[in-house]
Amino acid sequence: MKRQSPNYGKIPPPVLSHEDRLKAGLKAVAARKKRALIKEQLASGKISYLQAIHSDSLDVNRMKVIDLLKAIPKVGEVRAKLIMERAGISLSRRIGGLGKNQLEKLEKEMLVNQVQTPLGKLIVISGPGGVGKSTISKELGKQPNIWVSISATTREPRAGEIDGVDYLFLTDEKFDSMVANGEFLEWAEFAGNRYGTPNEPVSRRRKNGQNVILEIEIAGARQIRKNEPGALLVFIAPPSMEELAGRLIERGTDDPARQAARLALAEVEMAASDEFDEVVINYQVEDTVASLVSLLS
């Protein structure tokens, strides 16, 4: 009988052109650079191993688990191998190949070995209406390792607002239940509706090493001072009251009577700035964001 080649019947690999090979090579180099950056961020403490492992990044998913663990301060190769052995994970396993049970075992072993994720910081920003808090918060949310908390409210969604993105829209009954169970870091009533900061997502993000920003009113900031003494309270102030008045007029969302009421309230709110740990004057949004990021580091 004629002996067949081991490759008989197999589809030959595609033949890549020089241009395709060059593109593939550049892509591989870029991926290696991204993985190297992740290791540097782990080593410096800019991100936690939980953030890295639970990342949706394809570059992270292709990284070997042992390479990620070795990048964590005070772990090293010997300790990394021991952690993986006890978690039942092979040394060749990549992050993207970890199942739910393996992830849970790995996190448990990390805790047993006292590889703790530093608790993320909590920064509260407050200030008078029209000073630019919302714009500042949106820009902060674009920064690495910062999460801007989403408030809960009993009011109806406005046009274009998305539940879970703009606010967590709750019924009065659900809000009552959360208040009774102590599930808010702070809450208050305004214009017939209630607003509050749920504790669970803030706590979870901070335990994962993320820094959390709360953009809330001054009354809420006072509650945070009592409930979270370690929080950093930052008051965002306008360059002047004249500047604030100009910004309110430019927004064009209020009639003259409403603008006057907002300015009168702003005078009262400005007097509360002494209660805060830091006062940042919002001359330019970019500079204000940079100042807040520096406070986190």
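Trainee: Which residues does Gln 102 touch, not counting residues up to four places away in sequence?

Mentor: Gln 102 touches Gly 88, Ile 89, Arg 93 and Gly 97, where contact means heavy atoms within 4.5 Å. This is a predicted model, in which local features need pLDDT of at least 70 and side-chain atom pairs count only at pLDDT 80 or more, while totals for chains, interfaces and linings use all residues. Residues are numbered from 1 along each chain as its sequence is written, and side-chain values use heavy atoms, with hydrogens and water left out.

Trainee: Why is Gln 102 called buried?

Mentor: Buried means under 20% relative accessible area (exposed is over 50%, partly exposed in between, with a 1.4 Å probe and protein chains only), and Gln 102, at 18% relative accessibility, therefore counts as buried. Gln 102 is found in helix H6, helices being DSSP runs of H or I with at least four residues and strands runs of E with at least two, numbered from the N terminus.

Trainee: How do you know that Thr 197 is buried, and what is Thr 197 in contact with, leaving aside its neighbours within four places in sequence?

Mentor: The relative accessible area of Thr 197 is 0%, so Thr 197 is buried. Thr 197 lies in strand S6 (residues 193-198), and its contacts beyond those neighbours include Ser 149, Glu 183, Phe 184, Val 202 and Ile 216. Pro 144, by contrast, stands 53 residues from Thr 197 in sequence and 22 Å from Thr 197 in space, C-alpha to C-alpha.

Trainee: What is the phi of Asn 145, and why does Asn 145 count as buried?

Mentor: Asn 145 is not a glycine, yet its phi is positive, at about 65 degrees. Most residues other than glycine have a negative phi. Asn 145 lies in the loop between H7 and strand S2 (146-148), and Asn 145 counts as buried because its relative accessibility is 17%.

Trainee: Why are H7 and H13 called oblique to each other?

Mentor: Two packed helices are described by the angle between their axes and the distance between the axes. The axes of H7 (residues 133-140) and H13 (residues 285-296) come within 10 Å and cross at roughly 60 degrees; axes are lines fitted to C-alpha atoms, for helices over the stretch in contact, with angles from 0 to 180 degrees between N-to-C directions. Angles under 35 degrees count as roughly parallel, over 145 as roughly antiparallel, 65 to 115 as roughly perpendicular and the rest as oblique, so H7 and H13 are oblique to each other. In this contact Thr 135, Ile 136, Glu 139 and Leu 140 of H7 meet Val 285, Thr 288, Val 289, Leu 292 and Val 293 of H13.

Trainee: How do the axes of H11 and H12 cross?

Mentor: The axes of H11 (residues 241-251) and H12 (residues 256-270) come within 11 Å and cross at roughly 145 degrees. Among the residues that make the contact are Leu 244 and Leu 248 of H11 and Leu 263 and Ala 266 of H12.

Trainee: Which residues touch the most other members of the largest nonpolar core?

Mentor: A nonpolar core is a set of buried Ala, Val, Leu, Ile, Met, Phe, Trp, Tyr and Cys residues joined through side-chain atoms within 4.5 Å. The largest has 26 residues, and Leu 42, Tyr 49, Leu 68, Leu 69, Ile 72 and Leu 106 touch the most other members. Apart from it lies another core, of 18 residues, including Leu 122 and Val 202.
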